[in-house]
Amino acid sequence: MKRKLISALLCAAMVGTMLIGCGGGGDSKSSDGGSDGGNKLVYWAMWSEEEPQAKIIQEAVEKYTADTGVEVDVQFKGRTGQREGIEAALGAKQNIDIFDESADRVNRAWGAYPMDIEEMAKDYEAEHGNELLFKICRETAGGTLKSIPYQPYIYGFFYNKALFKEAGIDAAPKTWEELDAACAKLKEAGITPITGDTAYQNNAFGHHMARFVGQDGVKTLVNDPAVAEKVESGEIEDITWDDPKVAEAVKAIEDFASKGYYSENMSANVYPAGQNQEFAPGEAAMIWCGSWLPNELKNAVAEDFEWGFFCYPSVPGGVDDETANNVGAQVLAINKDSKMAKEAFELITYITAGEFDKKMTEEAMCIPTDKANGDAWPAELAGAKEGFDSTVTFYDEAVGAETNVDLTPVLNESVCKLMAGTMTADEFISACKAASGE
Amino acid sequence: MAKENKIKTKFNLKKELKLAPGYIIIILWTLFIFVLLGWILAASMSTTADIFAGDALKFPTGLHFENYIQAWGSGGVQTFFMNSLLYSLVSCVLLVLICAPAAYVLARFTFLGNKIIQTSFVSAMGVPITMIVLPLFGVVANMGILNNISASKVTLIFLYVGINIPYTIIFLLTFFANLSRTYEEAAAIDGCPPSKTFWKIMFPMAQSGIVTVTIFNFINIWNEYFLSLIFANNDQLRPVAVGLYGMLESMQYTGNWAGMFAAVMIVFLPTFILYLFLSEKIIGGITGGIKG
Amino acid sequence: MKRNKGMIIGFLAPAVIMFLLVFLYPICRTVAMSFFKIDAVTSTADTWQFVGIGNYQKLFTTDIFKTAMFNIGRIWLLGGIIVLVLSLLFGVILTSGIRGKKFFRAIIYLPNIVSAVALATMWKQYVFSPKFGLLKGILDTLGFHELAKTQWLAPENVFWALLFAYCFGMVGYHMLIWMSGIERISPEYYEAATIDGSNKIQQFRYITLPLLKGVFKTNITMWSISTAAFFVWSQLFSSVTANKATIVPAQYMYMNTFGGGNAVTERNAGYAAAIGIILCLCIVIIFTVCNAVIKDDDLEF
């Protein structure tokens, strides 16, 4: 009896699914025509539908279609989806006209696919282009323009202004000594001076080390395979883990840790524990993060939260000062095989300039990319604007500290332990030395 | 299953007491699960600030059902849902029809290449999915299938089945291997051809294994992410996992963690209901069916 | 046996053909790739640079890969013992005739269907939280105040935190496998044993365990396979790329395939393929050893 029941169920399932299958097939016939007809733009976006950025892009696309009559098929892939999927799709010559991701990824990792738009973008750049961001785009693409930047970001220390006032600190620290003094005051007032999430500590360490030895120094220190040739030819100096400057830099962090400036959870804060559980509720005063932080924390902080920002402080006798920062941007690129490059470029201008760029700053707390919107920075990022505008040296992501995949996990663990005070400077150096293959 | 019926008919204190240690262990573990999953449920109706202040279970600001409305609001959920249902159901049925006979033959008969086939199935499961999916994508893309929705659906199902074949067969192997040979011998004496013996006698006898593996397959395919991401790269083809994974991601990036947990609950509910249906209705029925 | 030839071929053909179509080409390609330096998995063969066994040599001299192999080995062995013992215990209890069996079975399996993203977030932000964590609460209630202060996610402890969280989710799956095996054991054995006066533990030792050999093999194989693919949990418990304490080969492979973290790093799909091949070989070895050690041909019931 039961056996019959099972086979009946299986049969029902079969028939049912066949019906769904046929139904689905029938419906989609009509919509198939568009996508391979070549008169429809296909845009693979790094955002997910629910993000405010995606909603604004969708609006921009609708306006573009209304203005020009060109249909656009936007596929919101999300970060992971874009990273894992687009290379295969581009490699298989799928019909994709526009795609986006960070400048590094689009121009370097997927550098074989974007079209050179130096000519096409001339007028746009003159009218809207942010000099700094276009420079980054060109640098990452080996000297020519293959992408249009939008949604810039900068890394730095965000701080809670109310807590600084409470501790009697008047100005944001600019040097390591000033930071030391500020932390001491906070500590005295019973406030945890610095917290952070482990995800960003390589970046913080990169900045720290680069203040002492510069970005090239950091890259040679971690044995970035990309600079190996330059080191051999003597173009840049090879910094090793035995360098006294490296020891000095590591000792500076050890010193902070021994004074109890870092949160006791420093090595256990898996993103977003630090920003959400310590910084947002006002238990810790400072956190190292990117300029997307206010947007990520808008649901978690009190309404009267006062945002402050300062760049990584400079150190005595160091190579770089606070005008050297990790500034970057997402970029939009056109597939070199696109048959609708002109239309694609026009759509890009809808997203990156004027009205919709401004909307991004309002609804997603982004930094504006259009020169004309130069003053439209969200109030939460006012401090970041100063840092951004004063930047003259542009660091790569994490200042090159994450360029050696074999070292990165060890470095991250060691930096977190160093800050948490569970590892000494000497142990730190010998651990990193072993893992970087020196 | 006569045993179970007996328990149901009368309460025997002595018997229950003997089982007490078992009860205690199981109840503690279930409580643990309840607290953990309950926290996710509570978080989905809380606010991000409350979650990270450690107040998810206290609801200081009341219940926030708007998280669900927002999570549901991205639209297209219905399409994802129907796609997933289609992919999972058809693939599961095909998997049983293809794998059960193969597993039976591999478990029962000694022939040249048997061990080699088994070992290749096992080693196939060890090959990382990226190494299988990405090259296959190149092949499929060159065949021009990707621009046709219906052909893409067939391809997807074909791949879901193909990818799960080694797993299903290896899983079913032991179930057939452990069945008594006396049934086949009796059937052979009665003049029943071996293939008929399989479908009429052995297949139903392995049902507990078949249903178990079908549940696993169903949940695997329902939650399958990477293959769907690569092959279903059009909104009309997307299954739940890919569609909703994006939603989870976006909630994290916008710092809407309460919304993320609401999305989790939405993804989770269909599998849970289907699981309840499959396990309670079918497993319960089958074990009774074989032994009775 | 001769007359079964047609049936063997007929029954095997669909599965084998599907298998060959879906797996053969990618596997061969992966094996070939492991001897080349390749930028992306999708690169065409003309851009590959032959490096011989260079990728393998490099792997075995890279500290972080050795760490990853060590971690996965620990997960396989320790996690395997925890999961298989716990799941067998639950399986036996649930089939011992307790009330509410179906209910308990459904609840214990439940964590398996919840998205790993949600489960991991729950463990990280709630259970292991040093501020208001469930674990801290339980330990405080029990009076272990020092232990309650432990930073479960700090590098010294995170591996154990991860292992426990992962095992918690896997128990239900293996319990179902055990149960479907136990339920096939004829109740007559137990009835006979009860009449002979043997208790539950003796029955378990002399009836259940020996008859579960085959299912045990299935469990080990399945555990090994899921361990080899172990990736998502490590990823969710790490910061941007990977943590030294929790890095596993699949994660290292991912870093070499898609790039690690936010920085663009050198990618080498051939190197990634070599990692895949090594993992694959490990599984074949485990399977072969299992087959040799646990012979279930002589089991008949």
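How many salt bridges does the rule find across the interface of chain A and chain C? In this predicted model, the rule finds 2 salt bridges there, a salt bridge being a side-chain nitrogen of Lys or Arg within 4 Å of a carboxyl oxygen of Asp or Glu. Local features need pLDDT of at least 70, and side-chain atom pairs count only at pLDDT 80 or more, whereas totals for chains, interfaces and linings use all residues; side-chain values use heavy atoms, with hydrogens and water left out. Residues are numbered from 1 along each chain as its sequence is written, and chains are lettered from A and ligands numbered from 1 in the order in which they are written.

The interface of chain A and chain C involves 38 residues from chain A and 40 residues from chain C, where contact means heavy atoms within 4.5 Å. The size of an interface is often given as the accessible area lost when the parts come together. Chain A and chain C bury about 3,300 Å² between them, with 54% of this area on carbon and sulfur atoms; buried area is the accessible area (1.4 Å probe) that two parts lose on being put together, summed over both. On the chain A side, Val270(A), Gln277(A) and Val405(A) lose the most area to chain C, and together they account for 18% of what that side buries.

A salt bridge joins the side chains of Arg267(C) and Glu87(A), with an N to O distance of 2.8 Å. Between chain A and chain C, 11 residue pairs are in polar contact, both residues being at pLDDT 80 or more. A polar contact is a pair of N or O atoms within 3.5 Å; within protein, one must be able to donate a hydrogen and the other to accept it, and residues adjacent in sequence count only if both atoms are side-chain atoms. At least two residues of the chain A side are supplied by each of helix H3 (78-91), helix H4 (103-109), helix H12 (273-279) and helix H17 (408-420) of chain A. Helices (H or I, at least four residues) and strands (E, at least two) are DSSP runs, numbered from the N terminus. H17(A) gives the largest share of this side, 6 residues. By class, the side of chain A that touches chain C has 15 nonpolar, 9 polar and 14 charged residues; Ala, Val, Leu, Ile, Met, Phe, Trp, Tyr, Cys and Pro count as nonpolar, Asp, Glu, Lys and Arg as charged, and the others, Gly among them, as polar.

Between chain B and chain C, 102 residues of chain B are in contact with 89 residues of chain C. The buried area is about 9,000 Å², of which carbon and sulfur atoms give 79%. The side of chain B that touches chain C divides into 71 nonpolar, 22 polar and 9 charged residues.

Chain C contains 14 helices and 2 strands, and its C-alpha trace spans about 70 × 70 × 30 Å along the principal axes. Of the 301 residues in chain C, 60% are buried, that is, under 20% relative accessible area, with exposed over 50% and partly exposed in between (1.4 Å probe, protein chains only). Among contacts in chain C between residues at least 6 apart in sequence, 67% join residues at least 24 apart.

Two residues of chain C are described individually. Thr62(C) lies in the loop between helix H2 (54-61) and helix H3 (63-94) of chain C, and Thr62(C) counts as buried because its relative accessibility is 7%. The side chain of Thr62(C) reaches the backbone oxygen of Lys58(C) at 2.6 Å. Neighbours within four places in sequence aside, Thr62(C) is in contact with Asp406(A), Tyr252(C) and Tyr271(C). Gln203(C) is placed in helix H10 (residues 200-211) of chain C and is buried, with a relative accessible area of 6%. The C-alpha atoms of Gln203(C) and Tyr190(C), 13 residues apart along the chain, are separated by 6.9 Å.
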